[in-house]
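Here are my notes on the model, point by point. Have the structure open while you read.

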Amino acid sequence: MKDLLNGWGATLVVFLPLVGAAVMLAIPKSEETLHKLVALATSLAVFVVGIGLMATFDYDKSAKMQFLVDKGWIDIINSRYLVAIDGISLPLIALTIFVVPLVVVYSWNHFPEPHNPKAFLVLMLVLETGMVGTFVAQDLLLFFVFFELVLLPMYFMIGVWGGEQRRYASLKFFLYTAFGSALMIVSILAVYFLSPTVGGQHTFSMIALSHWGGAGLAKGTAVLVFGGFFMGFGIKVPMFPFHTWLPDAHTQAPTQGSVILAAVLLKLGTYGFVRIAIPILPVGARSWAPVIGILAVICIIYGALGCLAQTDMKRLIAFSSVAHMGYVMLGIATLQPWGINAAIFGMVAHGLITGMLFFIAGSVKDRFHTLEIKRLGGLLLQAPRMGWLLAFTCMASLGLPGLAGFWGEFPAILAAYNPAAGLNVALFRTFMVIAALGTVLAAGYLLWLLQRVAFGTPSEEFENVDIPDMHLTDYIAWVPMIIGILVLGFYPNLIFHVTDGAVHHSLRAIAGH
Amino acid sequence: MLATVLAVAGGFTRPAVDWHALAPEIVLTVTIVICLLVDVTTAEHSRWTASSVAGIGMLAALVPVLTLAADNHSRSMFGGAYVVDDFALVLKGLFLVAGYLTILLSTNTIAEGDYAEGEYYLLILSAVFGMTVMASSRDLISIFIALEMLSIPAYLLAGWRKRTLTGNEAGMKYYLMGVFASAVMLYGMSLIFGGTGSTLLTEIGSKVNHSFMQEPVAVVGIIFVLVGFGFKVSAVPFHNWAPDTYEGAPTPVTAFLSVASKTAGFVAILQLVFIGFLDRADVIRPFMFVLAVLTMTVGNVIALRQTNIVRLFAYSSVAQAGFILAPLAVFGSGLGPGGVPGNNGRVLSAIVGYTLVYTLINLGVFAVIISVSRRLGTGDIKAWGGLWTYAPALATCMALFVFGLGGIPPAMGWFAKFQLFSAVVGGHTWLGYTMGVVMAVNSVISLAYYLSIVRTMFMDDVPDGDVTPIRVPLPLAAVVAIATIGAVVVGVLPEIVGHLANSAVFAMGAGH
């Protein structure tokens, strides 16, 4: 079993969804239940394989690339099918394969217009391949292919199944991200050509390139090349001022799309920083760190203020994503282990919490046919279970200690007190203060949201409308998320233990100075 | 009679002819003759046989290409004016396959329209013949002859819809522009010949220390020749003919022009600059930089505003030409220690690889356009609304193709585009890095209009509410299927094209 996983585990977890999608393509469109079952079975199979990987992962050596497969792919440029999992990618893979089956379950009776479960679920499975592939790829070109592969299904999900403004939102989403990727490919090539040759050939291997760590590069070059990566990943995160695609995409996407977008897609960007940009170009990273830090606190404050100005529940949650990703980026900008550990934790926590918020928003929309905050109210009276879950998730989101959100934000803020050697301490301490103020704003907008949506009495419009509380599929989809938020809140070491070794390993070039 | 003529030309010795090397062209010639006879001898209602004959001829001509490839050594004839090497073979293969697919595209359109069927296939065959000659031409004169051989049938094909005004415009514009370009090019060639005393590219290239190549007049000659081919590949500012010609010509001809005829232009440019003009790379680099940047940017920006699907792809093909020219902005640079041309091979194979991929995808695109237009009867993009609801397979294939053209993995275009980036960045010059960023920005602009097609097909409502499925004739379906399978397979395993493109190099000039 262990041998099988060693050789095939990473590949299986990436490509099983595609197999499922291929099977579904062969089934006629009218067999809707069968499609749902195949999609669920596939995503569960992926989950089982993932559990197998987690069970056999050697947690004492989380810095080591495990389940490594290294096969020839495009020999002429020495790009290889190189996949492996270490402590940085493991939590994110776990998050992905955990969320997708829940989304499939949630979809069961909630297919947005124009229905068509076949196409919708096929896209979802392709999306899963792209997401997991991005997290396991250890070859820059392979990474790039998966990173881009994610765009297509999401584009169609927003564009076909989205809301009123779906065409605009999907185009904006696609073009923004494509722009970042196009610049990133230039940087990938620059890294490739600048790296030392082994046996006369350059390499795309992230492992080898991290090992090289940009040694011997002129500072100016490193800064420019990092800039390309910054555009690619920063737009995906998204960082201010490239965040404007996010509120539109989130608001227009169907619930399932929003959940996946928030839970996993945004993490591709932050993961890219942690996995690629910083280890390969530590010198560039150090020069960029203050800029990233400033943009991160702008995200935190701007996102929070943006939230306060929103009238639409989904749009508000989208802006809160901007703010939360700001904490993650602040953690990354400190370039020290504590901050990056916190960032990875923040990614997982944000994935669960914001995913959950979008689930609830979707269900609210399903029942009230609107998300306009001022038309809502009294959710606790009409659908108490949903109301309480909203309250719980808001608490988690604002960083209440004991829930998952806390462990993403607090250590990141703390890390800014003491950034990596060579960074301007005074500047980062200023960031720390501003970020801490941001948590107050976060409490403000989330509680205000809760107050307006859940408390009070239902508005006249919905007074006499019968609002059903949670459905069976809601229970199945949401309870695991809630449990996840609780467990990570009580026992954060579950993730910190996994990531710490790998993070230290990836930062050794910076710590060495 | 003949004997007396030969006696007069006393010093004439018959050059050695390598029949095997000429076999593809000979097969094509025979096919042309058969096609002509079929047209003369068959009755009007069975003229369709010409289509089959032409198709079989194209495939038959592929056989000697394959045997030559298996033979694996390059053959040179006529004092080096006609060379059959790997480069030539890969491109001959490309032209023949493109010609075959064009015939598949044409069969129904030409049979259903009131067109002269026999002549049509004759002209396609002649043009393909010119292209296969072009792939082997390493001499100014044979290049010129090949160019005319492929251009003149193309002028006629462009004006094939002779009863419509747009058809006439298409043919006329293409013809006048083409002739003008030929004249400019010939003038350039005469300057170069006058200075170097040779028409052979290798000899022009080997005059390293020849003072002429350093003179301004040589630069004028080089630029004139390149401008002439700039018309052929529709590079901005020499692109004005393309949109009108593409729109006015029958759609299969448009496909042929935008793919095969254009590639022939690139082939000529590659042979000229890499063998003949490598010494003056310092002049050609900035020229190509400006040309490529203008071409891709203008093509893309104008494409954004198009409402007619064929015109949109006309401008898209202009923009693609810019991408294909881009690596020439760094060619000859990045010479490593010892003068090893570190980047030249990369530039060459990136361009060849891109044309291979571009040809296949674009033919797929036009197959879909023809299939859909048969039903819609209009080229307006709006009419494509909701295609996905009644023709899901066509819509999905079209999406795959345009994503391929846009360079989004996993469709096949991404690796070819990546190789272009790789060649441009690999030159390690500021011109190259700047070009990389310009290409990145342009990729995104191009995605905007490619996506608008996808959006129309997948997200809009059917304008007239007619959702009866589209019936796709077998030949068109075959092209769509071939292009789709190619797109997916090459997208996932880009090695296939990569290897082909990497082997498609010739001995480069200038003996450094």
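1. To start: is A:F359 buried or exposed? A:F359 is buried, at 0% relative accessibility; buried means under 20% relative accessible area, exposed over 50% and partly exposed in between, with a 1.4 Å probe and protein chains only.

2. Some ground rules before going on. This is a predicted model, where local features need pLDDT of at least 70 and side-chain atom pairs count only at pLDDT 80 or more, while totals for chains, interfaces and linings use all residues. Residues are numbered from 1 along each chain as its sequence is written, chains are lettered from A and ligands numbered from 1 in the order in which they are written, and side-chain values use heavy atoms, with hydrogens and water left out.

3. Now the aromatics. Over all chains there are 55 aromatic pairs; rings of Phe, Tyr and Trp (its six-membered ring) pair if their centres lie within 6.5 Å, and planes under 30 degrees apart count as stacked, over 60 as edge-to-face and the rest as tilted. In one of these, the ring centres of A:Y106 and A:F359 are 4.7 Å apart with the planes at 45°, so the pair is tilted. This pair links distant parts of the chain, since A:Y106 belongs to helix α3 (residues 89-107) of chain A and A:F359 to helix α14 (residues 337-368) of chain A, 253 residues apart. Helices (H or I, at least four residues) and strands (E, at least two) are DSSP runs, numbered from the N terminus. A:Y106 is buried as well, with a relative accessible area of 2%.

4. Ring pairs tie together A:F111, A:F120, A:Y155, A:F156, A:W161, A:F174, B:W388, B:F403 and B:F458.

5. Two rings carry a charge over the face. A charge sits over a ring if NZ of Lys or CZ of Arg is within 6 Å of the ring centre and within 35 degrees of the ring normal. A:K236 lies over A:F147, at 4.7 Å from the ring centre. The charged end of A:R429 is over the ring of A:Y417, 3.9 Å from its centre.

6. On to the hairpin in chain A. Strand β1 (residues 66-74) of chain A pairs with β2(A) in the antiparallel sense over six bridges; two strands pair if DSSP finds at least two bridges between them. A:I74 stands opposite A:S79 in β2(A). Strand β2 (residues 79-85) of chain A is largely enclosed by the rest of the structure, because six of its seven residues are buried.

7. Which residue of the hairpin takes a positive phi? With four residues between the strands, the hairpin has A:N78 at a positive phi near 60°. A:N78 is in the loop between β1 and β2 of chain A and counts as buried at 17% relative accessibility. A:H115 also has a positive phi, of about 55°, although it is not a glycine. A:H115 lies in the loop between α3 and α4 (117-136) of chain A and is partly exposed at 30% relative accessibility. Most residues other than glycine have a negative phi, and most peptide bonds are trans.

8. So where are the cis bonds? From A:V237 to A:P238 the peptide bond is cis, with omega near -5°, and A:P238 is found in the loop between α9 and α10 (245-252) of chain A. In chain B, the bond from B:V236 to B:P237 is cis, with omega near 5°; B:P237 sits in the loop between α9 and α10 of chain B.

9. Two helices deserve a check for bends. The bend at a residue is the angle between axes fitted to the seven residues ending there and the seven starting there. Helix α9 (residues 219-236) of chain A has a kink of about 25° centred on A:F230, and 13 of its 18 residues are buried, so α9(A) is largely enclosed by the rest of the structure. Helix α11 (residues 251-276) of chain B bends by about 35° at B:L257. With 25 of its 26 residues buried, α11(B) is largely enclosed by the rest of the structure.
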